[in-house]
Amino acid sequence: MSMLYLADFSVIKPDFGLIFWTVLIFLVLYFVLARLAFKPIQKALKKRDTEIQDSIDEAKRVQAQMAQLKDDNAKLLAEAREESTRIIAEAEAYAKKRKEEAVNEAKEAAQKVSADAQRDIANMRDSAMADLKKEVGTMALDIAEKVLQKDLKSDVNQTSLVNELVNNLN
Amino acid sequence: MKLLLRVMLLLVFCGVNTALSAQHDDHDSGDHSSHDGHGHATEVHEGCAHDDSYDPASVILHHIADANYFEIIHGVNLPLPLFLYAPGHGLTTGLSSMLGDDHHLKAVDGYVMNHGRVNRLADSAGDAMLSGEYDVECILHKTEVNEAGKEKDTYYAKINGQEYLLNAASVGDGGLLGGGITNFYDFSITKNVFTMLLAALLLILLWTAVARGYKRNEGQAPSGIQSLMEPFFVFLRDEISIPMIGEKHYEKFQPFILTVFFFILFCNLFGLIPFIPGSANVTGNIAVTMALAVIAAIVAYVHGNAHFWGHVLWMPGVPVFVKPLLTVVEVLGLVIKPFSLMVRLFANITAGHIIILSLVSLIFIFGNNGESVFGAAAGGVVGVAFTLFMNCIELLVAFVQPFIFAILTASYIGAAVEEHEHEHGHEGSHDVEYENLNDSNPAYA
């Protein structure tokens, strides 16, 4: 029974023809596939792997560069802000100083102008006073002269004379 | 998980095998009682009457066997080319259809079609019968007991009322398995060769299309069939070639590993298709697995470096009296490695096919050769359910087996090309790797 089973079990008996064809087909398949497909694919994959690695490396490098630039920018910005604050503070201080100076100058000028004016006024008053005194003296002299020249006998004459003098005075 | 699967497969296989044997025993003993009159020496099915009873074992073994034509449906065959060589008689070529069909067989130059395979009349038929064309009445099957008391299946061609012993083609089993050198060699394009050619053609078309994709999409993302196959390529490179062979040498062997993997995979998948152009049991034939295993072994050993051969032939670092013993063991190992590759693939695929065919046979066994329709229906329900389940496992096996074949081939190549920086530093990382590899090997056995 077991022998019958084995005798029919032909797949366990290595057929020379099948061995021959398997070797031939496999070797031809290997050379064709290796030449036309596997080697070019291997090369292409390797190239792509290298390219991807290079790209990643490049991206990392650029990223580092960007981070550096960003840091630099932030630093610059901080510096600029500080500078601007400083400039503004300086400008404000200067402006305040200038204002105070201007105000002081103006006050001084005003004081000077008023002092000059008061002095001028005083001068003019003095000179007017002097002129007046001189004029009054002259007038008194004129009046005295006229009084003296006229005949001061009657009251009517005296009155008219005084009126005339007063009118002349005007 | 894999171990569990294997145990399950083994159990299923053993179960089916026992069932088959039991069935066959019944059949056999029945035959004996009915043919008691013929004596013990020979059991003969007389005349050309066709035996209609269903014998699952012979049907299954017929279905997993190679054939000289491709059966499209029962009775309709695709003829395949024959290249038959008989020493002393030269080459006979033609299409398998020249030997007639199932109803009308012909003998051409002594060649006769016997259940799908070309046989040749034994030399005892005489030179007259071994040339020219004759009509064959039928093929007779006899079970003979030889001098050693062993049963042997023999076939006879009945031509002009005369019975002539038939020889099968020469096979390389050295007579151990019932074959051996006969009076002719069959180098025909058989069903298996046809399927291998088909698989090779498909693989070439597929991979050249993929390679074109790499040329077209250079510097771009893969597309279409290229992106479908790229994961396979990368997986086999990163999981087999590089870890097993090493960064330094893997590129040289990557095409070989890939070819081994895809050739076996495609042959397996063709074997799972139950009709033309599939159905050929290519990787379940020991001739195919033997050729592949021997090629793999030759590739590994040809690239073996001085370090490898030094370890095989005269193991360094062990006492001198142990060295010859280790040499014997290592040289045996050189043969056992491809032998294990051969048997593993052959047994896995053949076992799967036998299980599926056995499950389909349940329909006829339960149906009691067409006498019980309900039995056949029950067999059909059970058979379909289990066949569906088995087909899923077979699909898994169709992928797992080429992977194992490829990974072991790569490990043999890796062991052959492995380089040691320090000849005496045997606790280096390479040794650790090698030990791990050996530890993990039983998982693939």
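**Entry 1: terms and conventions**

I call a residue buried if 20 or more other C-beta atoms lie within 10 Å of its own, exposed if 12 or fewer do, and partly exposed in between, with C-beta atoms placed from the backbone. The model is predicted, so I keep to its thresholds: local features need pLDDT of at least 70, side-chain atom pairs count only at pLDDT 80 or more, and totals for chains, interfaces and linings use all residues. Residues are numbered from 1 along each chain as its sequence is written, while chains are lettered from A and ligands numbered from 1 in the order in which they are written.

**Entry 2: Gln149(A)**

I began with Gln149(A), which sits in helix H2 of chain A; helices (H or I, at least four residues) and strands (E, at least two) are DSSP runs, numbered from the N terminus. Is Gln149(A) buried or exposed? I found Gln149(A) exposed, because it has 8 other C-beta atoms within 10 Å. I then took the separation to Val11(A), 138 residues away along the chain: the two C-alpha atoms are 186 Å apart.

**Entry 3: chain A as a whole**

I counted three helices and zero strands in chain A, in the order α-α-α along the sequence. The C-alpha trace spans about 205 × 35 × 25 Å along its principal axes. Of the 170 residues in chain A, 12% are buried.

I looked up the UniProt record, an unreviewed entry, which places a "coiled-coil region" at residues 52-116 of chain A. UniProt positions are given in the numbering used here, feature names are shortened, and annotations may be inferred rather than shown by experiment. In the model, residues 52-116 of chain A are 100% helix and 0% strand, with the end C-alpha atoms 92 Å apart.

**Entry 4: where the chains touch**

The model scores ipTM 0.82 and pTM 0.74.

**Entry 5: chain B, overall build**

I counted 10 helices and 13 strands in chain B. Of its 445 residues, 35% count as buried. Among contacts in chain B between residues at least 6 apart in sequence, 60% join residues at least 24 apart; two residues are in contact if their C-beta atoms, placed from the backbone, lie within 7 Å.

An automatic or database domain assignment sets the bounds, giving domain 1 (80-189) and domain 2 (194-444) of chain B. I took the distance between their C-alpha centres as 35 Å.

The unreviewed UniProt entry marks "transmembrane region" on several stretches of chain B, including 193-210 and 373-390. Residues 193-210 of chain B are 100% helix and 0% strand, with end C-alpha atoms 25 Å apart. For residues 373-390 of chain B I again found 100% helix and 0% strand, and 25 Å between the end C-alpha atoms.

**Entry 6: backbone details in chain B**

I found a cis peptide bond between Ile276(B) and Pro277(B), with omega about 5°. Pro277(B) is in the loop between helix H5 (250-272) and H6 of chain B.

His115(B) has phi near 50°, a positive value in a residue other than glycine. His115(B) lies in the loop between strand S7 (111-114) and strand S8 (117-121) of chain B, and counts as partly exposed because 16 other C-beta atoms are within 10 Å.

Asn160(B), not a glycine, has a positive phi of about 50°. Its place is the loop between strand S11 (151-159) and strand S12 (162-167) of chain B. Asn160(B) is exposed, with 10 other C-beta atoms within 10 Å.

**Entry 7: confidence in chain B**

I checked pLDDT, the predictor's confidence in each residue, from 0 to 100. The mean for chain B is 81, and 83% of its residues reach 70 or more. Where in chain B is confidence lowest? It is lowest in helix H1 (residues 2-34) of chain B, at a mean of 43, and highest in helix H6 (residues 286-302) of chain B, at 95. Over residues 10-45 of chain B the pLDDT is below 50, and the stretch has 28 contacts beyond near neighbours in sequence.
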